[in-house]
Amino acid sequence: MLFKFYSTVDSDLSLNITKAYITELDVVDDKLLMKGNFEGLDESIDRYLVIKHRSSGLRLEEKIESSKVCVPINKLLEISENGIFDFYFQFNEESFNAQDRIKYTLNSQCLKSFKKEDTLFEFYQTINSNLSLKINKDYYINELKVIDDKLVLRGNFNGVDEKDNRFIEIKHRSSGLRLEQKIKSSAACFPINQLLEINEIGIFDLYMKINDDNEYNKIRIKYCFNNQSFKLLFKEQNLVLTTYSTKFNELSFKLQTMDFDHNITYLDNCDDRVLIKGNFEPLNEEIKNIDKVLIFSKNRADSSINYYKMDFNEINDNYFNFEGFIDEINVLDEKTVNLRLDFYIRIYVDDIYYQSLVDLSNYKSFKNHEDCFLIKKVCCNKVYSYYATSDKYSFALWITKSTSWNKAYEIAKGKTIYDKTSKEEILNENMVFFESFLGKSYSGNPKYIYETMLEMGLDKKYTFVWAYSGENKDLIPGNPIIVDRYKAGDYYKYLAQAKYWVNNIIFPIHKKRQGNVYLQTWHGTPLKKLGFDITIPGPEVDGRPNFYSESRNWDYLISSNEYSSEIFERAFKFNKEFLEVGYPINDIFFRDNAELIDNLKSKFNISKDKKIILYAPTWRDDEQNESWEHYFNIEIDLKRLFMEFKDEYVVLLKMHHLISENLTIDKELQDFAIDLSDYEDIQELYLLSDILITDYSSVFFDYAHLKKPILFFTPDLNNYIENIRGLYLNMKKELPGPIIKDNNEGGGGVYIGYIKL
């Protein structure tokens, strides 16, 4: 606030207190319209809004008229397209002027961020409750070409001229060596010989470098699809410079040694065979008198190879065309579903050969993720999908089932929607996106967090979105937006819009937006080993790269105890903030649940005088079919339990979410053994049951709150520890219940004896 003493017309002393804060923000005709509570000074005093760039000190002044002021956005961008601007209220008199920071008083309905072309404007509250604006522009290289032995990089650098001291920097990632050139007329030119003088192959990252008086800022240049086809050959050095996108959609160069360069010019299905055409140019002087050219596929699973001979001819001096067919794919029958094969081109000179992955970066534009799907053939209930890999644009084949292919294609289309929405729309500050168990159920920690937020009345402030593909949408209270993870469309649109994410496993998107906040709730206290703690080869080890990328997005991770936090930090390589507050799912155990239990028994048609055994095992890493679909062999003797306990008990089967869709029960047991794998909330089944039988699942940690009996049926204990996953605890010494290794242990079934007790 500003305080000014002054004399009234009657010569009395008075004090004028000027309030300085913004009450409304809007963008009208490329101007920032700001209204504030600037009353209290007479009209003879000039009042100004001052916007000051924090690092450079450059400032913009706009006069306040009738408690409002209009600031042309371009004037802000002329000062800087990146950085933080602070807001001040200033008034001037002939002999006196004063200035004060404007306070942050924006309510939830006010504009807090907006986007103009490639630039994001975000208003925020400083630690002292002042109003500031952060401007962040995404810079792109729209054109890459060579002119007069110079590499010319032209981008969206409008307004950048010689006096702005802005540069493009090319930095070698491993050595740190760098080149920089000043931007002139929206372009920077690098002499090619300077790149070669670095004398280092590897990755080069590109930056916009902005020099102010006392400091400089560097911003990574973003990748755009125009960069995809760029390729620069250094024939004398056998080097090729290409572009690629990092996982954060940033532009980098890759300089690598290559014996020959090649391009694919044609790919199509022809008489149930794939016709491939292209050209190549030897860079290695030893590639002369070529004997033959092959395309071959290499199976990622067992390294088996299929060869396909190509016809070739020299059309210019040391420049060749080739073409041929990819026809029969020979693989072992039991492995023909969910296989991936990579294609290579190989050139023979006598008995010496030179080879490279088949590169499709110049074949077509892969602007959209689904563009990578090139040719689809269906044969013998299998899909043969020829595609370009998303990281290298190399040529590959995926042999899978139609259901798996459809799911992958939907995800690809969804990623395109996510990218488009992220580019065109700002984050919704008041949107929360919930998902549990891959969107298959309304359950887990996300459910209980959501319902608590409803009880707090936060649905009046926030828009809630639930990813749910089940049939019981009426289960979800409140009035959330419900989207289907397995359909491209609204799921990816709202995921891109929502500022807050809440999940207990993973999202199909592994890169979140700047400003996005991700709460990972997880779904159990670990008994079986997780993530990077697993040393036994299997699907969990194979999936670690994706999971690692996912966990880089987490901002907060809920943990139920110190034991879990220690494991999560190591196994997930998580180094951000733990919320060691216990799991929200377990709050239900400390309520009066008598009515709920009666309702559940009635819902499942279970007699009130029957006792209930809950069987809830986990999945096995080595029990999956050729299409990576998990199954589970029920080794517990349900028939024996039926004969012994059919009059006194029923058994509820709750399988892990990965195997719940592939469970079958004998008809004679269906009234005794009830499959509730699709039931949304296992917490309610805990309440309902009188005894739990499990194996290596974390469910027993939650169930232990009820202080009811727990049995561990582990017929494969030694194999699980040594060959499948491994465990954190010694099951024989550290578990709250007996271990039973087979149905006949103890001469008649130990678990039957324990149940009777």
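Two strands pair if DSSP finds at least two bridges between them. Helices (H or I, at least four residues) and strands (E, at least two) are themselves DSSP runs, numbered from the N terminus. The structure above is a predicted model, in which local features need pLDDT of at least 70 and side-chain atom pairs count only at pLDDT 80 or more, while totals for chains, interfaces and linings use all residues. Residues are numbered from 1 along each chain as its sequence is written, and side-chain values use heavy atoms, with hydrogens and water left out.

Strand E30 covers residues 373-379 and strand E31 covers residues 382-388; the two run antiparallel and are joined over 6 bridges. One of these bridges links valine 378 to valine 383 in E31. Between E30 and E31 are 2 residues, which makes the two strands a hairpin, and cysteine 380 in the turn has a positive phi of about 55 degrees. In a regular strand the side chains alternate between the two faces of the sheet.

The whole protein chain comes to 16 helices and 45 strands. Of its 757 residues, 52% are buried, where buried means under 20% relative accessible area, exposed means over 50%, and partly exposed is in between (1.4 Å probe, protein chains only). A contact means heavy atoms within 4.5 Å. Among contacts between residues at least 6 apart in sequence, 60% join residues at least 24 apart.

Confidence is given by pLDDT, the predictor's confidence in each residue, from 0 to 100. The chain has a mean pLDDT of 87, with 89% of its residues at 70 or more. Strand E34 (residues 463-467) has the highest confidence, at 98, and helix H15 (residues 745-748) the lowest, at a mean of 44. Over residues 746-750 the pLDDT stays under 50, and the model has 7 contacts for them beyond four places in sequence. Where pLDDT is low, the predicted coordinates should not be read in detail.

Helix H4 (residues 444-455) has 12 residues and reaches 17 Å from its first C-alpha to its last, close to the 16 Å expected at 1.5 Å a residue; the expected span is 1.5 Å times one less than the number of residues. Of the 12 residues in H4, 9 are buried, including Tyr448, Ile449, Tyr450, Met453 and Leu454. The buried residues of H4 pack against several elements, among them strand E33 (428-435), E34, strand E36 (498-503) and helix H11 (682-688). Just after H4 comes glycine 457, with a positive phi of about 75 degrees.

Nonpolar side chains also gather into cores. A nonpolar core is a set of buried Ala, Val, Leu, Ile, Met, Phe, Trp, Tyr and Cys residues joined through side-chain atoms within 4.5 Å. The largest has 80 residues, and within it Phe433, Phe434, Phe572 and Leu652 touch the most other members. Apart from this core lies another, of 66 residues, which includes Ile295, Leu341, Phe366 and Ile399. Leaving aside neighbours within four places in sequence, phenylalanine 572 has contacts that include Trp522, Leu530, Phe547 and Trp554.

Leucine 339 lies in strand E28 (residues 339-349) and is buried, at 4% relative accessibility. Asparagine 299 is 40 residues from leucine 339 in sequence, but 7.3 Å from it in space, C-alpha to C-alpha. Beyond four places in sequence, the contacts of leucine 339 are Asn299, Ala301, Val331, Leu397, Trp398 and Ile399.

Charged side chains form another set of links. A salt bridge is a side-chain nitrogen of Lys or Arg within 4 Å of a carboxyl oxygen of Asp or Glu, and by this rule the count comes to 32. In one of them, glutamate 81 meets arginine 166 at 3.1 Å, N to O. These two are 85 residues apart: glutamate 81 is in the loop between helix H1 (73-79) and strand E8 (83-92), and arginine 166 is in strand E15 (residues 166-172). Glutamate 81 is buried at 7%, and arginine 166 is buried at 6%.

Glutamate 169 forms a salt bridge with lysine 218, with the closest N and O atoms 2.7 Å apart. Glutamate 169 lies in strand E15 and lysine 218 in strand E19 (residues 216-220), so this pair ties together parts that are 49 residues apart in sequence. Glutamate 169 also meets arginine 178 in a salt bridge, at 3.7 Å, N to O. Glutamate 169 is buried, at 0% relative accessibility, whereas arginine 178 is partly exposed, at 41%.
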